Amino acid sequence: MTYQNIQEEQLIEIVTQAVLKELQKKTDDIPVGISVRHIHLTRSDVDWLFGRNYQLTPKKALSQPGQYACEECLDVIGPKGELKKVRILGPERSSAQVELSQTDLRTIGLTAPVRSSGDLDGTPGVRLRGPNGEITLSKGVIIADRHIHMTPEDALRFGVKDGDRVSVEVGGIKPGIMGNVLIRVSETSALDMHIDTDDGNAFMLSQGQRLRILKQTNR
């Protein structure tokens, strides 16, 4: 083997290791999605707010398969103010849910707990105004908890399971640690971490920025 061949082999090995290291970095981190305030409705809610048998109009697909932002918006009315044109997300659900940030809640004069989607017992209600009428929800307003969607294969790779809580490391201009992040595992999930606008602003994050699971906080 000539000296030139040895140099070429060494160069190939260096490049290969560099590529593998970069690929490893990409598989060890997760993209973040910053969720702005939004509303989930039932079939009967849609009928009341928009008219009987009205069909919500998909505007944009979201990161999770089958979910989408709708063209339609509603006004959210609280004791001290209102939020105009809050986006509806589809498809329809079995229970109405309004996901707001702490900043949003202060604007309309409400207090709501941090909850996982669907965990609505003991949450406050709110009034919703649409083009065809208004409804008053008896419950359903939450601050959505920080969570990561992933498949079983992702969970195996990260060494976590559904329901675990982890900490996530944030880089960038305002680095830090986000704790108590819920792991949500399902066959139909796409790998994505969801936070609200208050968290996004606090860490100066942008949509799609890559974050890293640091450690488990409990199982």
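Helices here are DSSP runs of H or I with at least four residues, numbered from the N terminus. By that count, helix α2 is followed by Gly51, whose phi is positive, near 115°. The model is predicted.

**Helix α2**
- Helix α2 spans residues 43-50.
- Its buried residues are Asp45, Val46, Asp47, Leu49 and Phe50.
- These buried residues pack against four strands: β4 (68-77), β5 (82-90), β8 (127-130) and β9 (133-136).

**The aromatic pair**
- A pair of aromatic rings is described by the distance of the centres and the angle of the planes.
- The count comes to one aromatic pair.
- Phe50 and Tyr54 have ring centres 5.0 Å apart and planes at 20°, so the pair is stacked; the cut-off for stacking is under 30 degrees.
- Phe50 has a relative accessible area of 13%, so this residue is buried; the limit for buried is under 20%.
- Tyr54, with a relative accessible area of 29%, is partly exposed.

- Strand β3 covers residues 58-61 and runs antiparallel to β4.
- Three bridges join the two strands.
- Lys60 has Ala69, in β4, as its bridge partner.
- Six residues lie between the strands of this hairpin.
- In the hairpin, Gly66 takes a positive phi near 85°.

**The largest pocket**
- Rolling a probe the size of a water molecule over the atoms shows where empty space is left.
- The volume of the largest pocket is about 940 Å³.
- Its lining holds 39 residues.
- Nearest the centre of this pocket lie Ser35, His38, Leu62, Leu89 and His194.
- Elements giving two or more residues to this lining are β1 (29-35), β2 (38-40), β3, β5, β11 (147-150), β13 (176-185) and β14 (192-196).
- By class, the lining of the largest pocket divides into twelve nonpolar, 17 polar and ten charged residues.

**The second largest pocket**
- The second largest pocket has a volume of about 190 Å³.
- Its lining residues include Val114, Ile143, Ala144, Arg146, Arg165 and Gly179.
- Also among them are Asp145, Asn180, Ile195, Asp196, Asp198 and Asp199.
- Two or more residues of this lining come from each of β10 (141-144), β13, β14 and α5 (197-202).
- The lining of the second largest pocket has four nonpolar, two polar and six charged residues.

Terms used
Residues are numbered from 1 along each chain as its sequence is written. This is a predicted model: local features need pLDDT of at least 70, side-chain atom pairs count only at pLDDT 80 or more; totals for chains, interfaces and linings use all residues. Side-chain values use heavy atoms; hydrogens and water are left out. Buried means under 20% relative accessible area, exposed over 50%, partly exposed in between (1.4 Å probe, protein chains only). Contact means heavy atoms within 4.5 Å. Two strands pair if DSSP finds at least two bridges between them. Rings of Phe, Tyr and Trp (its six-membered ring) pair if their centres lie within 6.5 Å; planes under 30 degrees apart count as stacked, over 60 as edge-to-face and the rest as tilted. On a 1 Å grid over the protein atoms alone, a cavity is a set of points where a 1.4 Å probe fits but cannot get out, and a pocket is an open set with protein on both sides within 12 Å along at least five of seven lines; lining residues have an atom within 4 Å of a point. Grid points are joined across faces, edges and corners, and a volume is the space filled by probe spheres set on the points. Ala, Val, Leu, Ile, Met, Phe, Trp, Tyr, Cys and Pro count as nonpolar, Asp, Glu, Lys and Arg as charged, and the others, Gly among them, as polar.
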